[in-house]
Amino acid sequence: MGSKYSNVFKPIRIRGIDFKNRIVLAPPSPNLASTDGLVTHDFVDWFEMFAKGGACTLYVGNCSIDIKECKDEAYQLDMSNPDGILPMTWYADMCKEYGCHASFEINHNGENTAFETVGHAPFSASPRISDNERKRAAENGRDPIPCIEMTREKIKETVEKYGRAAEMMKRAGMDIVLVHGGHGNLISQFTSPLYNKRTDEYGGDTKGRARFAIEVCQSIRKHCGENFVIEYRISADEIAPGAMHFDETLELIGYLKPYIDIVHVSAGIHSDFNMAYANWWLQDTFTEHCFNVHYARDIKKAHPDLLVTTVGSIMNLDYAEEILANGWADFVAMCRPLMADPEMPNKYAENRPEDHVPCLRCGTCTKHLRVPKPIYCAVNPVSGMMRRLPGGEVPEAKIKKRVAVIGGGPGGLQAVRTLLDRGHDVTLYEKSGALGGTVIEAAAPPFKIDVKAYLKWMLHEFDNCRKRGAKILLNTEASKELLDKEYYDAIVIAVGADPIVPDIPGIGLPHVAWAPDAQTGRVPVGDNVIIIGGGETGFEAAIQYAGEGKKVSVIIARPEKAAFSGNRVHREMIARMQKMGIALICSSSVTEIFPTEVSVINNITGETALMPADTVLYAKGMKSRTETVDSLRHCAPESNVAIVGDCNNNPDTISKAVNEAFRACLHI
């Protein structure tokens with residue numbers, strides 16, 4: 001009997017080529033190509049988890065059609081080198097083993113290539129100086145350099161490079177290509193009025209600006225023949241002022257339609273404008289699910305004869321089934337959700353959706369591109385170990401041991417799962433009456449939908465571990481005396497961290513609490529809230545309570561410039577708070593807390609003021625439970641004691657806990 005997900009697993013044939021289902025790996029860049037831009041065995045091993053997991057097509061992101069001219073990643077595939085065909089066959093053949101299609105997203109990033117990378121100004125449709133270039137110039141102590149407007153001869157040469165890149169793919173055994181025509185890369189620098197100021201046949205109106213994209217697709221068809229599928233990635237709306245917007249995109253698709261088989265519908269532009277429009281192509285954890293599906297739906301309505309792929313925070317196959325059943329798209333692409341659980345298609349095909357591991361949209365994967373470091377996942381630790389674990393299989397232990405795991409948070413859960421996979425006898429001790437650790441508090445804000453889904457999965461997986469033989473003891477504090485009586489062969493300590501309580505007079509008053517204690521309902525919250533601390537925990541509390549109509553002020557010790565900098569999520573939280581009217585008081589500290597107000601000092605001027613407050617919440621970070629760790633680390637042979645997660649040096653993220661626990665337990 002087949003699954004209940006009949007639309008997801010409905011096959012389709014395009015140009016005589018069979019696609020077994022409608023789930024596509026949207027293109028990641030794994031940082032696993034060689035330094036000269038070739039596929040490596042590590043590269044193939046990493047992508048195997050997706051092929052094995054059941055997706056129908058695997059795309060690789062941002063493969064350069066000529067790495068000497070367009071390069072914006074340290075380890076990027078080069079599609080201009082004929083020596084690349086042989087290693088490409090390793091990738092193509094691996095995918096065929098699992099009945100899925102290997103493919104690349106071929107790209108020229110145009111003006112986004114730095115002068116320092118290739119030794120000359122980048123090429124583009126018009127000689128523009130981007131915000132990115134101004135930033136690069138300032139960092140390198142030089143004047144900004146406008147990009148070089150492509151001549152007709154250069155256009156012809158570049159069009160040919162796209163065709164030859166696709167031809168290399170076909171020779172290697174691939175039968176579908178993804179042409180990157182969106183996100184502000186070269187092709188969209190021709191199609192978009194934001195970038196294209198030409199007055200010749202490649203500029204002007206929408207039809208003129210479409211000419212380069214059409215010629216690229218014609219070149220691919222000429223080089224690859226009729227039995228080859230062309231999927232074209234597009235930004236349905238570039239969002240930025242003066243850019244390509246949705247009505248014009250519909251017109252553009254009309255011109256492209258005779259030359260492509262599938263349109264892949266994303267939105268936004270990449271890195272220009274200081275990443276202001278990045279959330280449309282890479283959503284953060286605050287963004288609603290299925291963020292861009294409405295664009296695909298409306299394109300499908302306007303062009304019903306064209307196959308459409310939708311992408312953008314489609315977090316599971318329940319969403320995919322609904323999208324496909326409604327006729328809003330023909331394929332569903334997902335990247336991070338499949339990185340979190342490559343086996344998701346297989347689990348849904350077997351009617352086990354509750355077993356799939358939810359993605360947190362936390363950014364663990366993407367931040368490694370900038371290191372550079374091979375990307376891996378916060379909740380799928382196998383993704384960072386594919387070279388060491390052939391096929392992603394956890395090896396069975398040669399000697400079975402009795403192992404205690406201390407702590408029922410994400411690190412503790414991962415330890416139990418991995419130890420069971422290795423065949424050990426496992427007992428977990430959790431001193432509270434609930435499993436989940438600090439994920440319980442992290443999931444409390446109503447907008448933390450991804451963390452809520454992860455917590456639900458954690459509890460389900462703890463039940464699975466019980467069924468597999470793990471003993472899980474709640475309301476049981478693991479003391480040295482208790483552990484010594486059991487003579488464990490090994491111990492994993494994952495006891496987490498405690499909130500830092502600021503040393504402020506009045507901190508013990510009844511209306512003062514750690515912010516997550518308030519968010520989980522353990523303490524009441526009034527209408528006038530002061531939050532001490534300028535990190536994400538405090539910001540999340542501020543957003544939650546301002547959303548409930550309360551007056552919220554955040555006291556931040558750092559100066560404004562430092563407080564407002566940080567990663568993209570941090571900056572977007574700042575912007576959201578400012579829109580909500582939350583007072584962000586920088587370069588300031590709370591010096592005393594009173595029953596109805598707090599005393600605040602400006603750290604620069606020394607001026608003090610009283611601010612009304614019926615609730616004071618602190619969010620000054622966490623401190624590792626080092627005393628607990630030290631009391632337990634000699635309760636088994638010391639070489640068989642692992643310390644993981646927040647209790648190991650600096651408290652950090654779910655990713656740290658999960659990945660440390662997994663790696664430690666591979667050696668027990």
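The model is predicted. H14 spans residues 410-421, and 11 of its 12 residues are buried. H14 packs against H23 at about 25 degrees and crosses H16 at roughly 35 degrees. Phe9 is partly exposed.

**Helix H14: length and end**
- H14 has 12 residues and reaches 17 Å from its first C-alpha to its last.
- That span is close to the 16 Å expected at 1.5 Å a residue.
- Gly423 follows H14, and its phi is positive, near 95 degrees.

**Helix H14: burial**
- H14 is mostly covered.
- The buried residues run from Pro410, Gly411, Gly412, Leu413, Gln414 and Ala415 to Val416, Arg417, Thr418, Leu419 and Leu420.
- Strands that cover them include E15 (402-406), E16 (425-429) and E18 (490-493).
- Helices that cover them include H15 (439-442), H16 (449-467) and H23 (654-665).

**Packing of H14 with H23**
- Two packed helices are described by the angle between their axes and the distance between the axes.
- For H14 and H23, the angle is about 25 degrees and the axes are 8 Å apart.
- The two helices are therefore roughly parallel to each other, as angles under 35 degrees count as such.
- Their crossing is right-handed.
- H14 makes this contact with Pro410, Gly411, Gln414, Ala415, Thr418 and Leu419.
- H23 contributes Ile654, Ala657, Val658, Ala661, Phe662 and Cys665.
- By class, the contact of H14 with H23 has nine nonpolar, three polar and no charged residues.

**Packing of H14 with H16**
- The axes of H14 and H16 come within 11 Å and cross at roughly 35 degrees.
- This crossing is left-handed.
- On H14, the contact residues are Pro410, Leu413, Val416, Arg417 and Leu420.
- On H16, they are Tyr454, Trp457, Met458, Glu461, Phe462 and Cys465.
- By class, the contact of H14 with H16 has nine nonpolar, no polar and two charged residues.
- Residues three or four places apart in an α-helix point the same way, because there are 3.6 residues a turn.

**Phe9**
- Phe9 lies in the segment before strand E1 (12-14).
- Its relative accessible area is 22%, so Phe9 is partly exposed.
- Leaving out residues up to four places away in sequence, Phe9 touches Ser3, Lys20, Asn21, Leu317, Pro345, Tyr348 and Ala349.
- Phe9 and Gly526 are 517 residues apart along the chain, and their C-alpha atoms are separated by 51 Å.

Technical notes. Residues are numbered from 1 along each chain as its sequence is written. This is a predicted model: local features need pLDDT of at least 70, side-chain atom pairs count only at pLDDT 80 or more; totals for chains, interfaces and linings use all residues. Side-chain values use heavy atoms; hydrogens and water are left out. Helices (H or I, at least four residues) and strands (E, at least two) are DSSP runs, numbered from the N terminus. The expected span of a helix is 1.5 Å times one less than its number of residues. Buried means under 20% relative accessible area, exposed over 50%, partly exposed in between (1.4 Å probe, protein chains only). Contact means heavy atoms within 4.5 Å. Axes are lines fitted to C-alpha atoms, for helices over the stretch in contact, and angles run from 0 to 180 degrees between N-to-C directions. Angles under 35 degrees count as roughly parallel, over 145 as roughly antiparallel, 65 to 115 as roughly perpendicular and the rest as oblique. A crossing is left-handed if the near helix is turned anticlockwise from the far one by less than a right angle, and right-handed if clockwise. Ala, Val, Leu, Ile, Met, Phe, Trp, Tyr, Cys and Pro count as nonpolar, Asp, Glu, Lys and Arg as charged, and the others, Gly among them, as polar.
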